[in-house]
Amino acid sequence: MKTYRFVFRLITLLLVLLLTSLRGGVAGSLRRWDPLIRTPVEEEEEENVTKWAVLVAGSKGYGNYRHQADVCHAYQILKKGGLKDENIVVFMYDDIATNDLNPRPGVIINHPNGSDVYAGVPKDYTGSNVTAENLYAVLLGNKNAVKGGSRKVVDSKPNDRIFLYYSDHGGPGVLGMPNMPFIYANEFIEVLKKKHASGTYNEMVLYIEACESGSVFEGLMPKDLNVYVTTASNAEESSWGTYCPGMEPSPPPEYITCLGDLYSVAWMEDSETHNLKKETIEQQYKAVKDRTSNYNSYNAGSHVMEYGSTDFKDERLSLYQGFDPAAENFPPNKIHFDKHMEVVNQRDADLLFMWHSYKRSDDGSDKKAEILWEIMETMRHRMHLDASVNTIGVFLFGPTKSSSVLSSVRNSGLPLVDDWRCLKAMVHVFETYCGSLTQYGMKHMRAFANICNKGISEAEMEKACVAACSSHNLGEWSLSKGRYSA
């Protein structure tokens, strides 16, 4: 009997000691990792941490339907993930849902079989308020610098996390906006540096959909800002529109425009089909990279790139995109979209839209004639831009060297241009004499950068532009009223 009492007392003492030790540091480890107590998936959200998001559609016009559809879709994912409207800032021109060409008034879809993604989207910065200047002010949390809109800004604190997603046209060193000027790479990187210096966030993730979007960060993006970036393309190639009329899968028959972009639908459809408390940033990067390459068919796909701080890629996506409880039983990253996607070059998507609009118009109608005129004018201006840049190159560098100088690509790790003020000056001079670059002409930014890199002065550039464009009637493409890209 004494033996049993001794054993009982010994067990009691051991239990007391164990409970006492569980109050210390060891207990934290046990609570985090013991599957009988709590798994990592069941961990509570970070305390005193706010998730912020900035969503930017940089275009306007029904032919660019897909960019606002992308951004509205992204909002719905974040909203289901638990992010609050007060912490999501949306930039979009907002001319799609109620557009006369929209076959479903008040509705925007981002997939051929998709539901409405427009409902509930905050209208923070719309119309003339969608500007680079307002975007910079929002990121920096500077309400005093915001012009118009809701005046909502990223008023983040040191422990907060920020997710930024952008979708539109781009060019070497620039991202488009519906109101000029463009977002220039050096200015955007400076904003990120200022945000970091302010100490008002912990980590930031950027997803950028645009042609040549890698050039915005190549040779410029520091690795010590706690900012991780992925881009839809490298510094030299187009990104791609998808879910377009005549493609497989095709939009509903009443649609005459593309519904989405390849990189964008890749990350969003990945997020919607996985448990984001299990899937990591790196896992999504690899899945999106594979799908955006169109499964290694890069002639109809692009190279997804990564820049900046890559040391927190093992973090869960839920820390930035939130977590939808409906995805609790989804796998971390085991569902693969392995079907080849039909796509169109971003810069040709507007022509595809106009062509389908022309085909559906009644023969002999004024509308059909008007659309045909628009197509011809668009093509004429494209040819004028291409020919003008080539002529300027010949004037500056001679017929044998012009092409190689204008198209030269700098080595990896070097920025597009050394003097960004020179680049903006060259663009301004060109548009003064040769007309608006438009979203198509953004591709010539590399040529202007190389003109700067060769030390050409603004006066020499002006002479070349006069020689190339003085006899051309710019018509609607004239910038006599402003709207310069730089």
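Is Asp-94 buried, partly exposed or exposed? Let's hold that thought for a minute.

Hi everyone. Before we start, what we have here is a predicted model, where local features need pLDDT of at least 70, side-chain atom pairs count only at pLDDT 80 or more, and totals for chains, interfaces and linings use all residues. Residues are numbered from 1 along each chain as its sequence is written, and side-chain values use heavy atoms, with hydrogens and water left out.

Okay, back to Asp-94. With a relative accessible area of 23%, Asp-94 is partly exposed. Asp-94 sits in the loop between β2 (88-91) and α4 (132-140). Those labels come from DSSP runs, numbered from the N terminus: helices are H or I with at least four residues, and strands are E with at least two. Asp-94 also has a phi near 65°, which is a positive value in a residue other than glycine.

Asn-294 is another residue to look at here. Its phi is near 55°, again positive and again not a glycine. You'll find Asn-294 in the loop between α7 (281-292) and β11 (305-308). Asn-294 counts as buried, at 1% relative accessibility.

While we're in the loops, let's look at some cis peptide bonds. The bond from Met-180 to Pro-181 is cis, with omega near 5°, and Pro-181 belongs to the loop between β5 and β6. The bond from Glu-248 to Pro-249 is cis as well, with omega near 0°. That proline, Pro-249, is in the loop between β9 (240-242) and β10 (260-261).

Now for the strands. Find β3, residues 161-167, on your screen: seven of its seven residues are buried. In a regular strand, side chains alternate between the two faces of the sheet. Here, Arg-161, Phe-163, Tyr-165 and Ser-167 point one way from β3, while Ile-162, Leu-164 and Tyr-166 point the other way.

So who are the neighbours of β3? Two strands count as paired if DSSP finds at least two bridges between them. Strand β1, residues 51-57, runs parallel to β3 and is joined to it by seven bridges; in one of these pairings, Ala-57 has Ser-167 as its partner. Strand β7, residues 203-209, also pairs with β3 in the parallel sense, over seven bridges. There, Phe-163 stands opposite Val-205.

There's an open sheet too, made of three strands in the order β4-β5-β6, with antiparallel pairing. Its edge strands are β4 (170-171) and β6 (183-184), each pairing on one side only. Between β5 (residues 174-175) and β6 there are two bridges, and Val-174 faces Tyr-184 across that pairing.

Let's move to a helix. How many of the 11 residues of helix α6 are buried? It's 10, so α6, which covers residues 262-272, is largely enclosed by the rest of the structure. Among those buried residues are Tyr-263, Trp-267, Glu-269 and Asp-270.

Last topic: salt bridges. The rule is a side-chain nitrogen of Lys or Arg within 4 Å of a carboxyl oxygen of Asp or Glu, and by that rule the count comes to 22.

Take Asp-350 and Arg-382, whose side chains meet at 3.1 Å, N to O. Asp-350 is in helix α9 (residues 349-360) and Arg-382 in helix α10 (residues 366-397), so this pair ties together parts that are 32 residues apart in sequence. Both Asp-350 and Arg-382 are buried.

Compare that with Arg-380 and Glu-377, which form a salt bridge at 2.4 Å, N to O. They are three residues apart in helix α10, which means about one helical turn separates them. Arg-380 is partly exposed at 40% relative accessibility, whereas Glu-377 is buried at 17%.

Another salt bridge joins Lys-443 and Asp-386, at 3.8 Å, N to O. This one links distant parts of the chain, 57 residues apart: Lys-443 is in the loop between α13 (438-441) and α14 (445-453), and Asp-386 is in helix α10. Lys-443 is partly exposed, at 30%.

Key
Buried means under 20% relative accessible area, exposed over 50%, partly exposed in between (1.4 Å probe, protein chains only).
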